[in-house]
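The sequence and the model come first.

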Amino acid sequence: MLLMASQATAMNLETLPTDKAAHFGLSSVAVEATMKTCQAMEGSSGISPACRGWSSGFVLTAGLLKEISDRQRGREFDQQDLVANVLGVITGNLLQWNF
């Protein structure tokens, strides 16, 4: 079993970094963009906790739906993509707090 897992990892090693970086980057940018949109709709000078929650939930749901769609099309449901999405959302939130 371990051998099969290491072979699967080795086969995907070339595409792994690019794919995960795309999930991370797109999630980070998307959460920031949706927070700014929510902020503009509220007419507020700062980002409210409600906007943070809504935008984070929206982006994470979009990532989950993308993986479900992949599975329905016969591709792999990749939990590591979801982890990259979560890390991107966390990073996007942290960037909004610092800038």
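Which helix gives the largest share of the nonpolar patch? Helix H4 (residues 79-98) does, with six residues. The model is predicted: local features need pLDDT of at least 70, side-chain atom pairs count only at pLDDT 80 or more, and totals for chains, interfaces and linings use all residues. Residues are numbered from 1 along each chain as its sequence is written, and side-chain values use heavy atoms, without hydrogens and water.

The surface patch consists of Phe24, Leu60, Val83, Val86, Leu87, Ile90, Leu94 and Trp97, with about 710 Å² of accessible area together (Shrake-Rupley method, 1.4 Å probe). Val83 lies in helix H4. Val83 counts as partly exposed because its relative accessibility is 49%, and the partly exposed class runs between buried (under 20%) and exposed (over 50%).

Leaving aside neighbours within four places in sequence, Cys38 is in contact (heavy atoms within 4.5 Å) with Cys51 and Trp54.

The protein chain has four helices and zero strands. Its overall values are as follows.

| Property of the protein chain | Value |
|---|---|
| Buried share of the 99 residues | 29% |
| Accessible surface | about 6,700 Å² |
| Carbon and sulfur share of the accessible surface | 68% |

Key: Patches are made of residues with over 30% relative accessible area and no salt bridge: like charges are joined within 9 Å, nonpolar side chains (Val, Leu, Ile, Met, Phe, Trp, Tyr) within 5 Å. A salt bridge is a side-chain nitrogen of Lys or Arg within 4 Å of a carboxyl oxygen of Asp or Glu. Helices (H or I, at least four residues) and strands (E, at least two) are DSSP runs, numbered from the N terminus. Buried means under 20% relative accessible area, exposed over 50%, partly exposed in between (1.4 Å probe, protein chains only).
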